[in-house]
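Reader: I would like to go through this model with you and ask, term by term, what each label rests on. Shall we begin?

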Amino acid sequence: MDEILFICTGNTCRSPMAEGLFRARGGEKKTGLRAASAGLFTQDGLPASGNAVKAAAERGADIAAHRSRRLTPQLAQGARYLVCMTGAHYDSLCALLPDQAAKIFTLLPEDVSDPFGGDLETYRRAAAEIDRGVQAVITQLGGPDGELGK
């Protein structure tokens, strides 16, 4: 199964919530893409932040078992789409992986706010933004064209 890889900075907040919400909204079945996530600047094996776990759970996504992983060229190569949380992530990925720029996208036209270190309400707001973007991605990928950016 092809993979959609959600990308953020540390892979402990936004991208794990996007991965979990993609699954919770039936994205894997509707699009035929397996959801995964990674971070640009992280180390492997960190748990999702507690408030990310709570905010995702409130929206029906279980990310309690998530462990971070750093984006590698091999992970990127294996993904059909790389979906970033911010324009800065997008710019960094396009610079790092220019040969893969055609499969790099942002989740939303605007940046998804970074809840890192915030209270639960801050994470809830980020989860709502992410959920909106994830549902739009699922709709686009499950539509007649079945491609992002079309």
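Author: Gladly, and let us begin with a definition: two strands pair if DSSP finds at least two bridges between them. Please keep in mind that this is a predicted model.

Reader: What makes β1 and β3 a pair, then?

Author: Four bridges join β1 to β3 (residues 81–84), and the definition asks for at least two. The two strands therefore count as paired, and they run parallel. One place to look is Ile 7, whose bridge partner in β3 is Cys 84.

Reader: How do you know that β1 also pairs with β2?

Author: By the bridges again: β1 and β2 (residues 33–39) pair over seven bridges, in the parallel sense. Glu 3 stands opposite Arg 34 in β2.

Reader: And what joins β3 to β4?

Author: Three bridges, with the strands running parallel. Within that pairing, Leu 82 has Ile 104 of β4 as its bridge partner. In general, strands of a sheet pair through backbone hydrogen bonds, either parallel or antiparallel.

Reader: What is the order of the strands in the open sheet?

Author: The four strands come in the order β2-β1-β3-β4, with parallel pairing. β2 and β4 (104–106) are called edge strands because each pairs on one side only. On average, neighbouring strands of this sheet are turned by 25 degrees against each other, direction ignored.

Reader: What packs on the sheet, and which strands does it touch?

Author: Helix α1 (residues 14–24) does, touching β1 and β2. Its direction makes about 170 degrees with that of β2. Angles here run from 0 to 180 degrees between N-to-C directions.

Reader: Why is β1 said to be largely enclosed by the rest of the structure?

Author: Six of the seven residues of this strand (residues 2–8) are buried, so the label follows from that count. Buried means under 20% relative accessible area.

Reader: Is Asn 11 buried or exposed?

Author: Its relative accessible area is 0%, so Asn 11 is buried.

Reader: What makes the contact of Arg 59 with Asp 131 a salt bridge?

Author: The closest N and O atoms of Arg 59 and Asp 131 are 2.8 Å apart, and the cut-off is within 4 Å. The pair therefore qualifies as a salt bridge. Arg 59 lies in the loop between α3 (50–58) and α4 (73–78), and Asp 131 in helix α6 (residues 120–142), 72 residues apart.

Reader: Are these two buried or partly exposed?

Author: Asp 131 counts as buried, at 3% relative accessibility. Arg 59 has 29%, so it counts as partly exposed, a label that covers values between the 20% and 50% limits.

Reader: How do you know that Glu 147 and Arg 80 form a salt bridge?

Author: Their closest N and O atoms are 2.4 Å apart. Glu 147 lies in the segment after α6 and Arg 80 in the loop between α4 and β3, so the pair ties together parts that are 67 residues apart in sequence. Both are partly exposed: Glu 147 has a relative accessible area of 25%, and Arg 80 has 31%. Asp 2, Arg 80 and Glu 147 are linked in a network of salt bridges.

Reader: How many salt bridges does the structure hold?

Author: It holds 11. Another one joins the side chains of Glu 110 and Arg 132, at 2.8 Å from N to O.

Technical notes:
Residues are numbered from 1 along each chain as its sequence is written. This is a predicted model: local features need pLDDT of at least 70, side-chain atom pairs count only at pLDDT 80 or more; totals for chains, interfaces and linings use all residues. Side-chain values use heavy atoms; hydrogens and water are left out. Buried means under 20% relative accessible area, exposed over 50%, partly exposed in between (1.4 Å probe, protein chains only). Contact means heavy atoms within 4.5 Å.
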